Amino acid sequence: MNQRMRAFCLVGGMLVATAAAYACSSSSGGTAPPVNKDASASSSSGGSSGSSSGSSSGSSSGSSSGSSSGSGGTFNCNPALDGGPLPLCSSLPGHVMYIESADTQETVLDIVGQELRNSANITITFELTGSCTVVPNIYQATPLPKNTEMLYIPSTEECPSWTTSDPELTCLTDPNNTTPVDLGISALFPSSCPNGTPPAGFAQFIGPIQAYTFVVPTAEFTGGQTSISAEEAYYAFGDGLNNPVTWGTPAVAEWNVPAQFYLRPATKSTLVSTAFNIGLTPAQMTLAGADGGTSDGRILEGSSTDVLTAVAAATSPQAIGILGSEVYDTNRGKGINVLAYAGFGQTTRYYPDSTTTSFDKENIRNGNYSLWSPAVIVSSVNSSGVSADPYVQYFTNIILGTPNITPPGGYVDGGVPIDGLGATVAAGLTPDCAMQVQRTADGAPLTPYTPTAPCTCYYLSKVPSAAALPASCVACSTSSPCTTGSCFNGYCETTPPPSVTPTPVTKTVQYPAGTADGGLQPPNP
């Protein structure tokens, strides 16, 4: 399904289409970037084989030690520590949901998962894998195998010192029967994946924006290589060692050493979305062989953490990698720098944010930076286009940022409405309601977009290291209405929304003559 679907909200207890997701909290104050918790290469393929490793940078220690000395202190909440088996997921407290998710969504699942346990008596268990594994598994109703190791989030009462910076805990699915998956989360348009067209009885719900970045070692960046265009990326990853592009004065070759390309596998949204945005297919970008290697030596890293480590350690001026922007944001200053980017036809390059030090995603939101995909929830639906499972409905609305919804079982222990929009921002994603552009498929042109319930001011109040809000972002309420704009999410939102002047980047690049019509030459690896 290529056509972009709008967010869905609960009205009268039902999910109905709206033009944008939004939240109602008016609290302000930026926070520091969250600790990134990237999934490792050994994640299960989502039920296509035997038991899963359920691994992430958190879970790899969770099942063996169950302890952490991270920001939450030391905790010991895993029965396996005492020599006992991992608990069955079905034995966990409250209503247990089973989720298969792209690994880029781990942080938001951790944040929302803890709030669900504390306030709504819902335990989410999730398996992290690639987006193009999630999509066909959900559409084909592929269950989790017996004894699949899943990640889950404890409540504050169960594990008082656990924070979202700590490893998740682990549990096992039923040892005697396979377990159905309740929903999937992709970090790109499902149409980008093989078998990505939803069959009858399934739908996709567009959520927050996940940006992707090209990164280089800091030495390469300070040496002048500060940007990349879609055309440059097309030739670099399409032609490899035969890359004909040069840059600078005097002109030198760029990105023509495939052994210095640090990429992700072709099932991962980071790779798939990037490939489509630069005019290549995932197969052309990876050149992967049947043995798991690549035909010219480019490296397919098992996790974003592996990409980060490899790029930071590289000394070649031809080193380059790809990362989700939320991974880059949590690792700024650790030996890597993000490149400014220009899409096809753009003459000016832009960073995802207005500057190299801000976190405002200004250029993503206004359309200057086009290397992004949405997070998409995929699930079965009834004839009305909504999930027949009220818990799936509720979770979907949380991720979409719908305000003031009540969990199916009601709130517990003084629970309050969960701010899904705030969780999205805390995880480094950009909510749909803060966007000014949209697209219908990965790599498709951007078109203007005006959310009916905008949240730019609320978003800017929540981004890490938030600066002073623009003057137009005036707090509002029912008793204190706006004199300019409309009151959404506790702030007066204007059209157009407030913006800052971004820092553009220019570069001297020499491209080959191209084809007769001036287009790109076919890749020639």
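These are my notebook entries on a predicted model of one protein chain.

**Overall look**

I started with the whole chain. I count 13 helices and 24 strands in its secondary structure. Of the 525 residues, 58% come out as buried. I also looked at how far apart in sequence the contacting residues sit. Taking contacts between residues at least 6 apart in sequence, 74% join residues at least 24 apart.

**H2 against H11**

Next I looked up a helix pair. Two packed helices are described by the angle between their axes and the distance between the axes. I took helix H2, residues 106-120, and helix H11, residues 390-400. Their packing angle is about 130°, and the axes are 12 Å apart. That makes H2 oblique to H11, since oblique here takes in what is left between 115 and 145 degrees. I noted the crossing of H2 and H11 as right-handed.

Which residues meet there? From H2 I listed Leu109, Val112, Leu116 and Ala120, and from H11 Tyr394, Phe395, Ile398 and Ile399. Sorted by class, the H2 contact with H11 has eight nonpolar residues, no polar ones and no charged ones.

**Salt bridges**

Side chains of opposite charge can pair when their charged atoms come close. I wanted to know how many salt bridges the model has. The count is 12, with a nitrogen-to-oxygen cut-off of 4 Å.

I went to Lys361 because it is a partner in the Asp329 pair, which ties together parts 32 residues apart in sequence. Asp329 and Lys361 have their closest N and O atoms 2.8 Å apart. Asp329 sits in helix H9, residues 325-329. Lys361 sits in the loop between strand S17 (349-350) and helix H10 (362-366).

Lys361 also forms a salt bridge with Asp353, with the closest N and O atoms 3.0 Å apart. Are these residues buried or exposed? Lys361 and Asp353 are both buried. For Lys361 I have a relative accessible area of 3%. Asp329 is buried too, at 9%.

Then I checked inside H10. Glu362 forms a salt bridge with Arg365, the closest N and O atoms being 3.0 Å apart. Both lie in H10, three residues apart, which is about one turn of the helix. An α-helix has 3.6 residues a turn, so residues three or four places apart point the same way. I find Glu362 buried with 3% relative accessible area, and Arg365 buried with 0%.

I wrote down one network as well: salt bridges that share partners join Glu232, Glu254, Arg349 and Lys507.

Glu232 took me to helix H5, where it is one of the buried residues. After H5 comes Gly240, and I noted its positive phi, near 60°.

For helix H8, residues 304-313, I have Ser304, Val307, Leu308, Ala310 and Val311 as buried. What do these residues pack against? I listed strand S8 (202-217), strand S12 (261-263), strand S14 (320-324), helix H9 and strand S15 (336-338).

**Two loop residues**

First, Thr226. I placed Thr226 in the loop between helix H4 (218-222) and strand S9 (227-229). Its relative accessibility is 18%, so Thr226 counts as buried, the cut-off being under 20%. Leaving out residues up to four places away in sequence, Thr226 touches Phe221, Val338, Leu339, Ala340, Tyr351 and Val505.

Then Leu188. I found Leu188 in the loop between strand S7 (183-186) and S8. Leu188 counts as buried, at 0% relative accessibility. I also looked at how Leu188 sits relative to Ser273. The two are 85 residues apart in sequence but 6.5 Å apart in space, C-alpha to C-alpha. Setting aside neighbours within four places in sequence, I have Leu188 in contact with Ser131, Cys132, Cys193, Ser269, Val272, Ser273, Ser373, Pro374, Val376 and Asp442.

Notes. Residues numbered from 1 in each chain as written. Predicted model: local features only at pLDDT ≥ 70, side-chain atom pairs only at ≥ 80, totals over all residues. Heavy atoms only, no water. Axes fitted to C-alpha atoms, helices over the stretch in contact; angles between N-to-C directions. Helix = DSSP H or I, 4+ residues; strand = E, 2+ residues; numbered from the N terminus. Parallel < 35°, antiparallel > 145°, perpendicular 65-115°, else oblique. Left-handed = near helix turned anticlockwise from the far one by under 90°. Contact = heavy atoms within 4.5 Å. Nonpolar A, V, L, I, M, F, W, Y, C, P; charged D, E, K, R; others polar. Salt bridge = Lys/Arg side-chain N within 4 Å of Asp/Glu carboxyl O. Buried < 20%, exposed > 50% of the residue type's maximum accessible area, 1.4 Å probe, protein only.
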